[in-house]
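Student: Hi! Could you walk me through this protein?
Tutor: Happy to, let's have a look together.
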Amino acid sequence: MNEYQLQAKTTAIFPQEVSAAYLALGVAGEAGEVAEEVKKCLRRGYSSDGSDFPQDRRENLFEELGDVLWYVANLAEVLGFKLEDIADYNIAKLKKRHSA
């Protein structure tokens, strides 16, 4: 995850004075595109678990999820966080919640 974050940083071009806001809005926008793809599948009668989504929609989701990841990685970088630390913390939090 940290290697991805380093690679994503090398492709980041945005105004530094608004970097956190720009990247947070990017996360929201790309997550919205993911939601829109799923909504289109549901509207067309595909299952809500995604198991029967058509290949073209699956490819769009794959690409949009990558865009979400890029924005998350760069936002984490700007804020001084490492993706690996975020992922590790999140898993530990979820395991603790699950065991409660």
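Student: How accessible is I86, and what does it count as?
Tutor: I86 counts as partly exposed because its relative accessibility is 37%; buried means under 20% relative accessible area, exposed over 50%, and partly exposed in between, with a 1.4 Å probe and protein chains only. Do keep in mind that this is a predicted model, where local features need pLDDT of at least 70, side-chain atom pairs count only at pLDDT 80 or more, and totals for chains, interfaces and linings use all residues. Residues are numbered from 1 along each chain as its sequence is written, and side-chain values use heavy atoms, leaving out hydrogens and water.

Student: Where is I86 found?
Tutor: I86 sits in helix α4, residues 83–99. Helices here are DSSP runs (H or I, at least four residues), numbered from the N terminus.

Student: New topic: how many salt bridges does the structure hold?
Tutor: Four, where a salt bridge is a side-chain nitrogen of Lys or Arg within 4 Å of a carboxyl oxygen of Asp or Glu. One of them pairs K9 with E77 at 3.4 Å, N to O. That pair links distant parts of the chain, 68 residues apart: K9 is in helix α1 (residues 2–9) and E77 in helix α3 (residues 55–79).

Student: Which residues are linked in a network with E77?
Tutor: K9 and K82 are linked with E77 in a network of salt bridges. The closest N and O atoms of E77 and K82 are 3.8 Å apart.

Student: What about E37, is that buried or exposed?
Tutor: E37 is buried, since its relative accessible area is 9%. E37 also forms a salt bridge with R57, with the closest N and O atoms 2.9 Å apart.

Student: Last one: how many residues make up the largest nonpolar core?
Tutor: Nine, including F14, W70 and Y71. A nonpolar core is a set of buried Ala, Val, Leu, Ile, Met, Phe, Trp, Tyr and Cys residues joined through side-chain atoms within 4.5 Å. Helix α3 gives the largest share of this core, five residues.

Notes. Helices (H or I, at least four residues) and strands (E, at least two) are DSSP runs, numbered from the N terminus.
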